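Open the model in your viewer and keep the sequence panel beside it. The stops below can be selected one after another.

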Amino acid sequence: MVARSLLLLSSLISAGWSCAPVALPPIDSSKSFQVGADEKKLWDQSEIFRQRLEKAGLAYEDPELEQYLNSVAARLLGGRLQGTNLAPKVKVVKDPFLSAFTFADGSIYFHTGLLARMENEAQLATIMGHELAHFLHRDSMRELRHKESRRASARVLQGVLILTALGMFADTASDAWVKTAVEGYSKEIEAEADKAGIRAMVESGYDPGEVLPAFTVLKTDWNEAKVKEPYFYGSIALLQERIDNNSQLVSGEYQRQVNEPGRRVNAEEYTARIHRLLLDNAVLDLEVGRLRLAESSIAKHLATDPQSPQGHFLMGEFYRRSGNNEEAVKAYARAVAFDAQYADAHRELGLMYRAMARPADARAEFEKYLVLRPKAVDAPIIERYVAEPGPQ
Amino acid sequence: MNARTAMWIFGVALAVSLCACAATTAPYNPFKTPQAEIKNKVKVVALAPVSVGVDNPDPVKAKFEALVTAKLQEGGFTVVPSTEYGAIWKQMTETLGGFFDPMTGKRDDQKFKTLRQHAMRELAAKTNADGLMEIAIVPVKVSFNIDHARWHGTDEYMRSGGAWAMFFGPQTSGTTTGLSLYVDLSDINDVDMYINFGGIQLLSKLSGNQFYQISRQELFNDEERNHKAVDIALNPLIGKAIEPEKPKASEEKSY
């Protein structure tokens, strides 16, 4: 009897009881949507997260970009949420690492790092479609209920195991179960989101030929990243899973639509919308020492705006931090050539000349800096440099 | 099929299921920049003055600066003594009139960041340093289980008498305070490259059911512990394995 019960239990485990996602009806305009008490808690968490993000100064402020991102989300949804009083809200987080994530209430967050890597709107729609699928399928709720059921089952199992003299194993097992259960969504849920995401983008008129490039761009960047990316779209294994799932769909179900005339890619508008973000994200990459990624964003910005003083200034920062002082001086000089009032560029030129033992040039640049920004925090230090005696 | 076989299958199934569902917790990685890149980029490390919050800190500062210097030199780095950076920092701070807000008494973060950037660039210009290492001795929360505390690569018994006391005395679990060595290497643009800790010794131990503070005289006297803390904190940086733990002489005597 004991043997039969244990076998039944082991079959249940092997059959995927522990990993199978919980079934929940998706959000759909055809059905009235009711938020349960546990789901309401998840919605509240979203609001708490938003407030914390703003308090920490990590919310990226660009209303026009936000409006554009929300318009892409609306295009992907079509009429799916009509009459539900629900609408996703897309926001941007100042963070150079690759991530996008979705809360139960439809708040979708994109990191600046991920937006900076995308090349066009169709690639953005690929990621957005995947994230929208998490919202529409109520995946955070499914995952929560799944984890709750695993916790409850762990407690039952622990009792069984203690009775069957495997008590010590059960102790550590249930502990590990609860504490180190997989964070984020399960493989099955992510695969569902891949499928639903690509369907939404194709139905909205986007070119599915951009699906794989969206992920391969991220994978290529992974090799450039200085440190291991901590988030979902920065994990090489999970990215490969996205690539594998999506290449099956693109080469199968959606092969006909790949590069079909009239399919939307919209690189021009996307590039224009992230014009400022490219530099803001480059600053973040420079701060964490990811020089190549910073250079790539700055170069993208300069490709569409070759006279951008800030673009040239940041290229100077890239060169200086790479140890290429000669190119750094040239880039800073270009920045002041396009904007003579660019105080930071004058200061950097002064510091470079000072380090290169060109005191007269250094003094001239420092004086310009002090005229432009007499109350700068570092004005006393720069004044001291100006007063330094020249070579005898 | 008997109950034993069924239990074995059950155990295997459970283990497989756990492997499929549970993520392993990765050990702490002190490298914020890949080790190879640090080796390539950093040849000269300047030390910042050691920060330690105890009475009569100067001998402690000197002791740990010497240990860190020797360890970095063992790893092939050229080391610039902390007096260099200390002097630059002092001069810059005086020039800026300090970095605390006179109204609130709080640190002015913008001023501090600017000061640090200028100080590091000046350091690089004067000493050719391409990295700055900050060193601090910090109090940390330490968990102990059956009177045995483990933290930041080291361990110590909560009562005098070591393991002997553990066998025959009362046995408790909880949290206490320990001291750890903190090292933080950043490049000259203030990008974090390597951050690590090495446990030194407990700051608070047990006598009966009461905690008591270790006196200042007893702190940092155990040279073996001091060395070990530096090994734990810096051996990964210099590409050297940490020595396996050996029982301490005093604890061997206890047996």
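In β7(B), which residue is the bridge partner of B:Ala136? Select B:Tyr182: that residue is the partner of B:Ala136 in β7(B).

Before going further, some conventions. This is a predicted model, in which local features need pLDDT of at least 70 and side-chain atom pairs count only at pLDDT 80 or more, while totals for chains, interfaces and linings use all residues. Residues are numbered from 1 along each chain as its sequence is written, and chains are lettered from A and ligands numbered from 1 in the order in which they are written.

**Strand β4 and its partners**

Select residues 131-145 of chain B, which form strand β4. Strands here are DSSP runs of E with at least two residues, helices are runs of H or I with at least four, and both are numbered from the N terminus. Two strands count as paired if DSSP finds at least two bridges between them.

B:Ser51 is opposite B:Ala136, the residue whose partner in β7(B) is B:Tyr182.

Then move to β5, residues 148-151 of chain B, antiparallel to β4(B) with two bridges. B:Phe144 is bridged to B:Ala149 in β5(B). Two residues lie between the strands of this hairpin, and B:Ile146 has a positive phi near 50°.

**B:Leu123**

Select helix α5, residues 109-127 of chain B, and centre on B:Leu123. Is this residue buried or exposed? B:Leu123 is buried because 24 other C-beta atoms lie within 10 Å; the cut-offs are 20 or more for buried, 12 or fewer for exposed, and partly exposed in between, with C-beta atoms placed from the backbone.

Contacts are C-beta pairs within 7 Å, again placed from the backbone. Leaving aside residues up to four places away in sequence, B:Leu123 touches B:Ala46, B:Glu84, B:Tyr85, B:Ile88, B:Ala129 and B:Leu132. For B:Ile88, 35 residues away along the chain, the C-alpha separation is 7.1 Å.

**Confidence**

The chain B mean is 85, with 80% of residues at 70 or more. Residues 1-24 of chain B stay under 50, as do residues 247-255. For the complex, the predictor gives an ipTM of 0.76 and a pTM of 0.79.

Definitions and conventions
Two residues are in contact if their C-beta atoms, placed from the backbone, lie within 7 Å. pLDDT is the predictor's confidence in each residue, from 0 to 100.
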